[in-house]
Amino acid sequence: MHQLGFVSAILAERTFEEVIDFASEKNFKCVEVMCWPAGNADARRYAGVTHIDVEALDEAQVAHIKNYTTEKGVFISGLGYYPNPLDPDVNKANFYVDHIKKIIQATAKLEIPVMNTFIGRDPSKNIAYNLDKFKETWTDIVKLAEEVGVKIGIENCPMFFTNDEWPGGKNMATTPAIWDKMFEIIPSATLGLNYDPSHLVWQMMDYTRPLYDYSDRLHHIHLKDAKVYYDKLSRVGIMANPLEYHSPKLPGLGDINWGKFFSALNDARYRGPVVIEVEDKAYEGSVENVESAILTARNYLSQFLG
C-alpha cells in the first residue's frame with residue numbers, strides 16, 4: 001500500500017544517477033530528490049544538495065530523468081527544497097520564493113505529483129504576523145501549483161535547532177492549530193503536508209492524531225524518529241534549544257511506536273510514498289555508516305509495508 005523511499009540529501013556527494021542506482025539496487029521504490037540551487041552556499045546540515053538542477057532542466061534532461069528512473073524501476077516521490085520563504089531579509093525571501101516556483105514548474109515537466117518545502121517564518125515575530133506574511137507570499141505560489149497540477153507538501157519541522165533560528169524557528173507550519181489557520185487563509189487542496197511525525201514527539205504532541213484529522217492533506221510522508229532525553233529535559237526545560245534534550249533518530253531507534261503510526265496511516269487511507277529521512281548523527285562519519293543508516297531503516301520499516 002505504501003512505496004518506501006528515502007530523501008536524497010543523505011547521499012549528497014553522489015550524482016542523480018548514482019542515487020537512483022543505489023535505490024534500485026537496494027530495493028527502494030522511490031526517492032525524494034533534492035533541488036537546491038546549484039552552487040548553493042547553505043551550510044545547514046542536509047541542505048544545499050542538488051541532485052536535479054531545475055534551472056538547467058531542458059527537454060533532453062527531462063527525457064533522461066524519466067527514462068533513467070523507468071529503466072531502474074524507481075520513481076521520484078517529490079522534488080524537495082527547504083529554505084525560509086518568509087525570511088525577514090526581503091532579498092533572501094524573494095530568491096527562495098523564485099526558486100520554489102522554478103521547482104514547481106520542473107515538477108510538472110517531470111510529471112511528479114508533489115513539491116516539498118517549508119512555509120518559512122520570521123523567527124522574531126509572532127504567529128499572527130507570520131500568517132499575514134504567509135498570505136502575502138504563498139497565495140501566488142499555490143496559484144502557480146494549481147495551474148500546473150502540482151501539489152505542495154509542507155514539512156512540519158519547526159526549524160528551531162540552532163541559535164540563529166531562535167526564538168520562533170524558521171518554519172511556521174508546526175502544529176494542527178497553525179495548519180487550520182493556513183488552510184483557512186489559502187483553502188486550496190493543492191496545499192498540504194509532507195508529514196513528519198518526529199517533530200511532534202519532541203513537542204510533546206500526539207503524532208498519530210493528525211493522520212486522521214488531515215487525511216485529505218497528506219501529500220507526502222517523511223519517516224524519521226526522535227529520542228527525547230527526559231533527564232536532560234528535566235534540567236533545561238522545553239523552552240531550551242530543542243537539541244539540548246532530543247535527537248533525530250532512525251525509525252525504530254527513537255520514541256515513535258511505528259506499528260501505531262502505520263495503523264493510523266492505513267486508517268487514513270494514505271496510499272502514497274513513505275520516505276526515510278536520515279538525520280541520525282550516530283550514523284555519520286563515513287560512506288559505510290550512511291549506507292548502513294538507510295538500509296537499517298529499510299529493514300526495520302519493511303515489517304509494516306508488506
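Leaving aside its neighbours within four places in sequence, which residues is Leu79 in contact with?

Modeller: This is a predicted model, and the answer should be read with that in mind. Setting aside the residues within four places in sequence, Leu79 is in contact with Val33, Cys35, Ile52, Ile103, Ala106, Thr107, Leu110, Ile112, Val114, Met115 and Asn116.

Leu79 also belongs to the largest nonpolar core, which has 99 residues. Within that core, the residues that touch the most other members are Phe6, Ile52, Leu79, Trp138, Met182, Tyr195 and Phe261. Helix 4, residues 127-148, gives the most to the core, with seven residues.

Cys35 is in no disulfide, and the nearest cysteine sulfur, that of Cys30, is 15 Å away. Cys35 is buried, because its relative accessible area is 0%, which is under the 20% limit. Cys157 is in no disulfide either; the nearest cysteine sulfur to it belongs to Cys35, 19 Å away. Cys157 is buried too, with a relative accessible area of 3%.

For contrast, turn to the surface. Met204, Tyr230, Ile238 and Met239 make a nonpolar patch of about 490 Å² there. Ile238 lies in the loop between helix 8 (230-236) and strand 9 (246-249). Ile238 counts as exposed because its relative accessible area is 57%, and the limit is over 50%.

Notes. Residues numbered from 1 in each chain as written. Predicted model: local features only at pLDDT ≥ 70, side-chain atom pairs only at ≥ 80, totals over all residues. Heavy atoms only, no water. Patch = residues over 30% accessible without salt bridge, like charges linked within 9 Å, V, L, I, M, F, W, Y side chains within 5 Å. Areas by Shrake-Rupley, 256 points an atom, 1.4 Å probe, with all protein chains shown as cover. Salt bridge = Lys/Arg side-chain N within 4 Å of Asp/Glu carboxyl O. Helix = DSSP H or I, 4+ residues; strand = E, 2+ residues; numbered from the N terminus. Buried < 20%, exposed > 50% of the residue type's maximum accessible area, 1.4 Å probe, protein only. Disulfide = S-S within 2.5 Å. Core = buried A, V, L, I, M, F, W, Y, C linked by side-chain atoms within 4.5 Å. Contact = heavy atoms within 4.5 Å.
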